[in-house]
Amino acid sequence: MSAAATLDALDRVRALCLALPDAHEVEAWGEPTFRVRNKLFAMYASPGNHHGRGRPAVWIKARAENQRLLMELDPARYFSPPYVGPSGWVGMWLDKRPRWREVEELLRDGYRQVAPKRLLQAHGG
């Protein structure tokens, strides 16, 4: 994957995450992470970092059941990320034509899991 395509993937993940109410970006572990009120809901894994294993990916907070279903449905696209996978997080590869609507839906779901209820209610759930 070219450097430009990698930046495009990060730019798209960043735009999707930061469009969510009160979401902000913090660099941690050498990578961009996305949070709401300092609670982590997504992390970017660049191909140049050992977290990305040579491929760009996004790690998203998920329920363990959703992680399992996604990995069974499409094991070439979804994976259990190191460190956080046992807690239910799901990884999604961003090379090979990612499904950006799925990325957006998963990011929204991860966000909803950690966002304060009052914030969610104020913005329509």
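The structure is a predicted model, in which local features require pLDDT of at least 70 and side-chain atom pairs count only at pLDDT 80 or more, whereas totals for chains, interfaces and linings use all residues. Residues are numbered from 1 along each chain as its sequence is written, and side-chain values use heavy atoms, with hydrogens and water left out.

The protein contains 4 helices and 6 strands, taken as DSSP runs (helices: H or I, at least four residues; strands: E, at least two) and numbered from the N terminus. Along the sequence, these elements follow the pattern α-β-β-β-β-α-β-β-α-α. The radius of gyration is 14 Å, close to the 14 Å given by the globule rule for 125 residues, so the protein is as compact as a globular protein of that length; the radius is taken over C-alpha atoms, and the rule is 2.2 Å times the number of residues to the power 0.38.

The accessible surface, from the Shrake-Rupley method with a 1.4 Å probe, amounts to about 6900 Å², of which 52% belongs to carbon and sulfur atoms.

The 6 strands form an open sheet with antiparallel pairing, in the order 1-2-3-4-6-5; two strands pair if DSSP finds at least two bridges between them. Strand 1 (23-28) and strand 5 (78-79) are the edge strands, each pairing on one side only. Strand 1 is joined by 6 bridges to strand 2 (residues 31-36), the two running antiparallel. A28 stands opposite E31 in strand 2.
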